[in-house]
Amino acid sequence: MESTTMNPDFTTRLGPLAAALLLAGCSMIPTYERPAAPVPQTYPQAADTAGVRSAADTAWRDFVQDARLRELVQRALDNNRDLRVATLNIERVRAQYQIQRANQFPTIGVAASGNRQPNGSGGIQSTYSVGLALSTWEIDFFGRLGALKEAALADYLASEQARNAAQTSLVSAVISSWLSLQTNEALLAITRQTQATREDSLRLTKLRFDNGAASALDLRQAESLAATARAALAQQQRARALDVNALNLLVGEPVPAELLQVAEGDAALLADVPAGLPSDLLTRRADIRQAEQTLIAANANIGAARAAFFPRITLTASAGTASSDLSGLFKDGSWGFTLNPVALLPIFDAGRNRAGLQSAEVSRDIAVAQYEKAIQTAFREVADALAGRATLADQLQAQRDQVTAEEDRFRLADLRYRNGVASFLDVLDAQRALFAAQQAEAQTRLALQQNRVALYAALGGGWLE
């Protein structure tokens with residue numbers, strides 16, 4: 001360590017450094033302007049909902065009306081591994097932001113050194129030093145480190161929104177899977193009832209065949225219809241098992257049987273949600289907010305790339321004591337300091353800085369396109385859900401009417417056949433039509449409920465507790 005003492009020139013030597021410190025932090029980040037939303041200002045088939053709380057402001061507990069389903073969603077939020085990874089990713093990105101922020105401050109430590117070497121006269125020269133040292137610290141005169149910090153902050157905020165988007169997807173997936181299970185339970189009941197009816201018809205037909213009142217064709221048709229019902233039952237049992245497996249994965253643990261029971265009656269399982277305006281999506285839907293933070297980060301990286309064209313000013317300094325004897329380290333007159341500012345101006349870098357700036361600008365353009373695509377995707381999802389809401393209720397009512405008609409038709413056909421007025425073909429046709437109508441009604445009821453879930457998620461709901 002060079003041993004010097006304070007002198008009047010020290011203030012003069014620090015003048016340029018002080019000016020650099022005062023001016024440090026100027027930014028070369030382009031002014032951020034949110035891109036215009038490339039979608040219409042209103043949704044198709046959306047009623048006026050001015051002044052109504054948006055779906056994104058509706059907590060999932062308020063949206064889910066069934067107590068068992070509410071508990072199932074809470075278990076998923078507590079145990080789902082994908083959501084846990086998204087939450088841990090926030091902590092990782094936060095640490096990276098703290099690293100970038102710390103780069104703006106000097107690193108100071110205690111330094112001690114000893115050096116022994118020949119002095120040219122046959123002896124050994126010793127030098128010992130101890131004190132505080134400031135390692136190479138970049139003075140952020142042109143805002144390079146500040147831009148990197150802003151980019152890291154935007155990445156951190158994007159990770160928070162990614163976690164919110166993951167929760168929205170998880171909540172909607174759990175609800176949809178539970179509704180699918182409910183529907184498959186209903187279809188199982190319908191299939192068992194249909195199988196019992198067809199087995200009864202088979203027994204009657206066999207009895208009539210044994211007594212010569214029915215043909216072999218009638219018997220084979222009855223056997224075929226009964227076998228079809230058994231196959232449908234096996235298919236529905238498999239579908240139910242797959243739904244349970246899906247829920248176990250989403251929840252992150254085996255789901256208790258009491259949470260899988262069929263909901264009674266036609267009680268409302270989910271609350272209705274207003275559509276709002278497309279502009280609400282920009283500030284409320286998590287994946288759009290994530291895309292915008294990614295765009296802000298890309299914009300900040302341009303500032304860092306621009307700053308790379310200008311001098312990089314670094315400072316190395318130390319203050320302490322030095323002596324040729326260990327015993328003299330702390331004696332009067334051994335104290336001193338060193339100050340070593342360095343400015344490096346890039347002259348030739350084989351086009352590295354220019355390529356870095358070009359890469360940053362292209363990355364920003366890509367982020368703009370991804371942000372606009374996120375808005376367009378969100379608009380399409382909301383529009384699709386609104387189209388479903390406008391038509392599925394009417395479709396369900398029509399299919400209920402069809403089921404009522406097919407039930408009466410089957411009753412009359414079976415009665416006419418048992419009285420020998422109609423052929424067994426009429427009964428078979430009525431059985432097939434009734435079973436198909438009952439299945440279609442159950443599937444449409446599921447589509448209507450899942451459409452409400454899709455609309456809630458598409459509008460940005462699900463990440464509020």
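**Charged pairs**

I looked up Glu-138 and found it buried, since its relative accessibility is 15% and the cut-off for buried is under 20%. I kept in mind that the model is predicted. Arg-144 is also buried, at 18% relative accessibility. The side chains of Glu-138 and Arg-144 form a salt bridge, with N to O at 2.8 Å.

I then ran the search over the whole structure, which gave 26 salt bridges. I noted the pair Asp-57 and Arg-284, whose closest N and O atoms are 2.3 Å apart. Asp-57 sits in the loop between α1 and α2, Arg-284 in helix α7, and 227 residues separate them. Asp-57 is partly exposed, at 33% relative accessibility.

Next I took Arg-230, which pairs with Glu-199 at 3.1 Å between the closest N and O atoms. I read a relative accessible area of 41% for Arg-230, which is partly exposed. I also logged a salt-bridge network linking Asp-200, Arg-203, Asp-414 and Arg-418.

**Nonpolar cores**

Which residues touch the most other members of the largest nonpolar core? I found Leu-72 and Ile-175, in a core of 52 residues. Helices that each supply at least two of its residues include α3, α5 and α6. The most comes from α9, with nine residues.

Beyond its neighbours within four places in sequence, Leu-72 contacts several residues, including Val-174, Trp-178 and Leu-247. Apart from this core I found another, of 14 residues, with Leu-202 and Phe-424 among them.

How values were computed
Residues are numbered from 1 along each chain as its sequence is written. This is a predicted model: local features need pLDDT of at least 70, side-chain atom pairs count only at pLDDT 80 or more; totals for chains, interfaces and linings use all residues. Side-chain values use heavy atoms; hydrogens and water are left out. A nonpolar core is a set of buried Ala, Val, Leu, Ile, Met, Phe, Trp, Tyr and Cys residues joined through side-chain atoms within 4.5 Å. Buried means under 20% relative accessible area, exposed over 50%, partly exposed in between (1.4 Å probe, protein chains only). Helices (H or I, at least four residues) and strands (E, at least two) are DSSP runs, numbered from the N terminus. Contact means heavy atoms within 4.5 Å. A salt bridge is a side-chain nitrogen of Lys or Arg within 4 Å of a carboxyl oxygen of Asp or Glu.
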